[in-house]
Every structure is written in structure tokens, then in C-alpha cells.
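Here is a short note to read alongside the model. Please keep the structure open while going through the points.

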Amino acid sequence: GDIAGESDSLGIAILRGEYVPKLIEPYSIKAQYSFFGNIHNRLKNYDVQSHSITLAPNYNLKRGSITLLAGWNYTLVDNNKYLETLTLSPLYNFIINKTQFIQTSLRYQNKHYLKAPVNSNEDRDGINYNGGVSWFYLLSGNKGFLNLRYEYDREDTVGMNWKYTGNKAGLSLLYPLSVPLFFKEGSGELNLNIGGEVYTQGFDNTHTSFKKKRDDRTYNLSMMLTYRVYEDMDIKMQYVYIQDDSNISVYTYNKNMATLGIEYKF
């Protein structure tokens, strides 16, 4: 509520490194470290720094693959310790035919918030259980896709105000567009990525401060254009709109965000 109606600009830095050793088929494994950081121009209290380490062993099947993802994340907000999570998530990819495949996943995530809550009812420490299924239809010679997905999640927290059951449904499209080659060979690719998502959360208990059960519905719309300037460099333009409708007004908000970025792979 203290930043309602305000706007700000910020700089974002993302660094991601992967290590993929060559193993004997059908086994493979990938290790990854990623860093995310942002610095606001005015709203310094919302500066975020996040570190993630993941390990993903994989077993390839004739018509799919099985992956077990294990991850750790450590997040700071305003240079103060904020959140630590441990995640285990098995994934199964099944190939239907040359243009379609399905991905199913389960997730166990242990969340530990590193700042003491205002009171025990607001303690968000706990475990999140998640299950989802996602269908992909490949387009344009496998350069694009249509994706339809559904997720169910259960948040089991220490504090009674944050226990909820969630349902999330989404639709997204990645489609390559034809554009002139302005630069050297390997450039000129333009991809359009548009998507929408609806997330409903039904909270278990009557809120101890507002004296009613909280019920949230969050809408997320996004559009991104990615242009390949050189073989290893992309320019990205993105717009995101988020609207959260809650029956408790303090949790209701909407947010517009426009991003311009450069990504370089080496």
C-alpha cells in the first residue's frame, strides 16, 4: 500500500552459467548457477538479489525423458536476508508424435523466510507442493510452439493466514517472424512470444486481522519480441501486465512493466 500508484525505473542484471559433462547415453546431467539482481532508481527497499544453484540428472527414453531437478535459492531484498528455498522436482517428458509432446511434473519446495514475521499468524515458512501438466504443439519446423498448461499447488505454512490451495492455467505462443537480415549471417531472427495466465488462490482460514477468508485471482498477460542481432546476441523487448483481484483490498493491485534488454551468450 505504501507504493500505490507510484512508478520507477530499474536496472536488471542476469548471469547464468551451465556445465554439461558428456556422459554415456542414455544418461546426462546439467549443473547451473544463476544470478538475478535489480537496482531501483527511487524505491530502494525493493532491490532484489537472488542466487540459485540447480542440478538436473536426466535419463533418456525411446519416447521421452525423465529428469530430477534439485535446486537451492537464496534471495536478499534491500540487502537484507529474505528467503531461502530448497526444491525437488521430477519431470517426465513424453513424445506423442513429431509435433506434439507432454510434460508432467511434481514439485516439493521448502521455504524459509529469514526475517521474523510480525506475529505467528503471518509466518510464511512452510512447504509448497505442486503438480502440473503441460502440452506443446511445435510450429514452423520446430522453431515455435503453442503451449497449454495447468498446475495445482498447495501452500502449507506455519502461519494460519497463508495456508492456501491454488490452481493455475496458462496459454502461450512462441512464433518466429520473417524479417530482413540487417547484420551478418546468423542474425535477423525475430521471435514473438505472447502468453496469458490465470491463478486462483483459496485460503484455508479466516484472516486473523480482516476477519474473513481471503480469496485471490491473479491475471498475467505478457508479450515479448526477441531479435537476434548477431549469432550470440539478442535484443529483447517485453511488456507485462499483472492484475491481482482479492476480496481483501490490501492485497489487490495491478502492475505494468516494460523491459528492454540485451542477452549475450558465450
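1. Overall make-up. This is a predicted model. The C-alpha trace spans about 60 × 40 × 30 Å along its principal axes. Of the 266 residues in the protein, 28% are buried.

2. The second largest pocket. This pocket holds about 190 Å³ of space. Its lining consists of Ser89, Leu91, Gln103, Ser105, Arg107, Asn130, Gly132, Val133, Ser134, Arg149, Tyr150 and Glu151. Two or more of the lining residues come from each of strand E5 (80-97), strand E6 (100-113), strand E7 (126-139) and strand E8 (144-157).

3. Which strand gives the most to the lining of the second largest pocket? E7 does, with four residues. Sorted by class, the lining has six polar, three nonpolar and three charged residues.

4. The nonpolar patch. Strand E3 (48-61) and E5 each supply at least two of the patch residues. E5 also gives two or more residues to the lining of the second largest pocket.

5. Why does tyrosine 59 count as partly exposed? Its relative accessibility is 34%, and partly exposed covers values between the buried cut-off, under 20%, and the exposed cut-off, over 50%.

Note on methods
Residues are numbered from 1 along each chain as its sequence is written. This is a predicted model: local features need pLDDT of at least 70, side-chain atom pairs count only at pLDDT 80 or more; totals for chains, interfaces and linings use all residues. Side-chain values use heavy atoms; hydrogens and water are left out. On a 1 Å grid over the protein atoms alone, a cavity is a set of points where a 1.4 Å probe fits but cannot get out, and a pocket is an open set with protein on both sides within 12 Å along at least five of seven lines; lining residues have an atom within 4 Å of a point. Grid points are joined across faces, edges and corners, and a volume is the space filled by probe spheres set on the points. Ala, Val, Leu, Ile, Met, Phe, Trp, Tyr, Cys and Pro count as nonpolar, Asp, Glu, Lys and Arg as charged, and the others, Gly among them, as polar. Buried means under 20% relative accessible area, exposed over 50%, partly exposed in between (1.4 Å probe, protein chains only).
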